Amino acid sequence: MTDAYLGRIGKLIRDARQHRGWTQSQLAEALGTSQSAVNRIERGNQNISLDMIARIGEALDSEIVSLGYAGPMHLRVVGGRRLSGSIDVKTSKNACVALLCATLLNAGRTTLRRVARIEEVYRILEVLASIGVRHRWINDGNDLEIVPPAELDLAAMDLEAARRTRSVIMFLGPLLHRLDAFKIPYAGGCDLGTRTVQPHLTALRHFGLEITATDGMYHARVDRSVAPTRAIVLTERGDTVTENALLAAARHDGVTVIRNASSNYMVQDLCFFLEELGVRVEGVGTTTLTVHGVAHIDRDVDYAPSEDPVEAMSLLAAAVVTESELTIRRVPIEFMEIELAVLEEMGLDHERSPEYRADNGRTRLLDLTVRPSKLRAPIDKIHPMPFPGLNIDNVPFFAAIAASAQGQTLIHDWVYDNRAIYLTDLNRLGADVKLLDPHRVLVEGPTRWRSAEMMCPPALRPAVVVLLAMMAAEGTSVLRNVYVINRGYEDLAERLNSVGAQIETFRDI
């Protein structure tokens, strides 16, 4: 946009804001940005995307500044370009949403550093705000400050936002200590098939929580006479199940033992955060957690979640499929070691820096340089396992990598009912992916990628895999309705463009 247009748009935004009676700070809070950024926009001194104009229009309920909004966001990808330089891994999406839920345990102020600016986080913040939790972005929008009210207003919950995220299920653990009866809507999120919430309910029943499900809502009642009398054995070693049990145990005034617990990255970050709140957790990184809970938590805490291993895998896969040399900085290596071991066997040429600590002081990081490699299919099938096995969310990226390798690769995604099916979308881009059953695909490589226009798969990781394949394909591709990607990645297109990709965001107008 020219300076003249930026100035005119800025004046429209300022007038709409003043008409609503908002300050720049209030608009900044609604947008999840800083007051200084709003000031620059209104003065015409900052480039502004169509998406931001649409978000401002929605926040201010203004027809004038929402004219650019015309439906879903799409990506136009000019492929066949090599990537180069270096790119940083952002903080963990899954850790951030767990920590946001965990702030409900604390009566004091919580400051979270470098929070992932993604749609999943925005949805949880919308839900928290609707029930009375105050939040504001600080330090130029990098960090998030959260202050809970003395009493939560669950009746005012933003149900639309809550239904758009599966993470709302993790409200159960903290809320059972604050309310004798409450309700939350059924969890949403990615379309990955039927996933039962029964393991959550089984674990939380030890704390007196009983659930009845009617009319799209979970109706919860808490029996205060019930408390854990023996170890809680989780029927599923799931991440969110473990987190919910941890959140419940944190404010149980006693010792809770959780067995068959996930030891994955987001669970470890939650344990480190609970320790900042004064809750002692033994066994972090193992499948048995011993939680020394406290009945009341009122602390001003400051915590920095670690980096996202799934985003690191995404960036690694981008380098592989585009045959590029790329340095990926701040890789949480302890949650990528199996993936790298498999890729080494496939022939990946890469170099690792010495290890250093994440900002949480605990998680091990390194910088990883990936070079163009002649890959061969692995001898064994690719399949996920609970940590320290190959990460469940990293499995889809091996479909694009396998399509770039010589030979046949069997991928067995046993966790989700539907996710393997979405990997066949790569066939539209020239891949040879055969669906053997709802959980297994056979990938034949190498692939001569070709451009295409297609709808975004409704599951986060397969959607990004399709985007990466488009980056490898000569010509121009279009990926339509990419909201699901924005749920889990912060400014992914812009960041890939910074290392040589050519991806344009647009809407139909």
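I began with strand 6 and strand 8 (residues 217-222), which pair in the antiparallel sense over 5 bridges. I note here that the model is predicted. Within this pairing I looked up alanine 181 and found it opposite arginine 221 in strand 8.

Next I traced the sheet around this pair. It is an open sheet of 3 strands in the order 6-8-7, with antiparallel pairing. Which strands stand at its edges? They are strand 6 (181-185) and strand 7 (209-214). Each has a single partner strand, so one side of each is left without a neighbour in the sheet.

I went through two of the pairings. Strand 1 (residues 73-79) and strand 22 (residues 475-480) run antiparallel and are joined by 5 bridges. I found leucine 75 with leucine 479 as its bridge partner in strand 22. Glycine 79 stands opposite glycine 475 in strand 22. Strand 21 and strand 22 pair in the parallel sense, over 3 bridges. There I found methionine 454 opposite leucine 479 in strand 22.

**A helix pair**

Two packed helices are described by the angle between their axes and the distance between the axes. I looked up both for helix 5 (residues 93-102) and helix 11 (residues 265-276). The angle is about 35 degrees, and the axes are 8 Å apart. The crossing is right-handed. Which residues make the contact? From helix 5 they are Asn94, Ala95, Ala98, Leu99 and Ala102. From helix 11 they are Tyr265, Met266, Asp269, Leu270 and Phe273. By class I noted 8 nonpolar, 1 polar and 1 charged residues.

**Cysteines**

A disulfide is a covalent bond between the sulfur atoms of two cysteines. How many disulfides does a search of the whole structure find? It finds 0. I checked cysteine 96. Its closest cysteine sulfur is in cysteine 101, 11 Å away, which is too far for a bond. Cysteine 96 is buried, at a relative accessible area of 1%. Cysteine 456 is buried as well, at 11%.

**Backbone spots**

I looked up two cis peptide bonds. One joins phenylalanine 387 and proline 388, with omega about 15 degrees. Proline 388 lies in the loop between strand 17 (364-371) and helix 14 (397-403). Another joins glycine 445 and proline 446, with omega about 0 degrees. Proline 446 is in the loop between strand 20 (440-445) and strand 21.

Arginine 114 has a phi of about 55 degrees. Its place is the loop between strand 3 (110-112) and helix 6 (119-130). Is arginine 114 buried, exposed or partly exposed? At 30% relative accessibility, arginine 114 counts as partly exposed. Glutamate 323 also has a phi of about 55 degrees. Glutamate 323 sits in the loop between helix 12 (309-321) and strand 14 (326-332). It is partly exposed too, with a relative accessible area of 49%.

Note on methods: Residues are numbered from 1 along each chain as its sequence is written. This is a predicted model: local features need pLDDT of at least 70, side-chain atom pairs count only at pLDDT 80 or more; totals for chains, interfaces and linings use all residues. Side-chain values use heavy atoms; hydrogens and water are left out. Axes are lines fitted to C-alpha atoms, for helices over the stretch in contact, and angles run from 0 to 180 degrees between N-to-C directions. Helices (H or I, at least four residues) and strands (E, at least two) are DSSP runs, numbered from the N terminus. A crossing is left-handed if the near helix is turned anticlockwise from the far one by less than a right angle, and right-handed if clockwise. Contact means heavy atoms within 4.5 Å. Ala, Val, Leu, Ile, Met, Phe, Trp, Tyr, Cys and Pro count as nonpolar, Asp, Glu, Lys and Arg as charged, and the others, Gly among them, as polar. Two strands pair if DSSP finds at least two bridges between them. A disulfide is a pair of cysteine sulfur atoms within 2.5 Å. Buried means under 20% relative accessible area, exposed over 50%, partly exposed in between (1.4 Å probe, protein chains only).
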